[in-house]
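Hi,

Here is the structure I promised to pass along. My notes follow below it, with the cut-offs included so that you can check them.

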Amino acid sequence: MKTVYDVQQLLKTFGTFIYLGDRIADLELMEDELKELYKSQCITKEDFQMGILILRQEASKQKKQKDEG
């Protein structure tokens, strides 16, 4: 996984589609879903860690853009 799109595709394999219209809220909800999948042992530790890293980096970028704009 390298992008938020990749994380979305991973979630889609488990039937999870997330779109709230607010990018930051979407990212936070995706993070929650990844945590639940990991707790349920549906995804590997590596996928979990990479997914969380990608989502947090993107959330940080979005918050920075929101503050600047």
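In helix H1 (4–13), Val4, Val7, Leu10 and Leu11 are buried (under 20% relative accessible area with a 1.4 Å probe, protein chains only; exposed is over 50%, partly exposed in between). Helices here are DSSP runs of H or I with at least four residues, numbered from the N terminus. The buried residues of H1 line one face of the helix, because they fall within an arc of 115 degrees seen down its axis; the arc is that of the directions from the axis to the C-beta atoms. Tyr5 and Thr13 are exposed on the other side of H1. The cover over the buried residues of H1 includes H2 and H3.

This is a predicted model, where local features need pLDDT of at least 70 and side-chain atom pairs 80 or more, while totals for chains, interfaces and linings use all residues. Residues are numbered from 1 along each chain as its sequence is written, and side-chain values use heavy atoms, without hydrogens and water.

Leucine 34 is worth a look: leaving aside neighbours within four places in sequence, its contacts (heavy atoms within 4.5 Å) include Val7, Leu10, Leu11, Phe48 and Leu55.

Which aromatic rings pair up? Tyrosine 38 and phenylalanine 48 do, stacked at 4.5 Å centre to centre with 10 degrees between the planes (Phe, Tyr or Trp rings, for Trp the six-membered one, with centres within 6.5 Å; under 30 degrees is stacked, over 60 edge-to-face, the rest tilted). Tyrosine 38 sits in H2 and phenylalanine 48 in H3, 10 residues apart.

Best wishes

Note on methods:
Helices (H or I, at least four residues) and strands (E, at least two) are DSSP runs, numbered from the N terminus.
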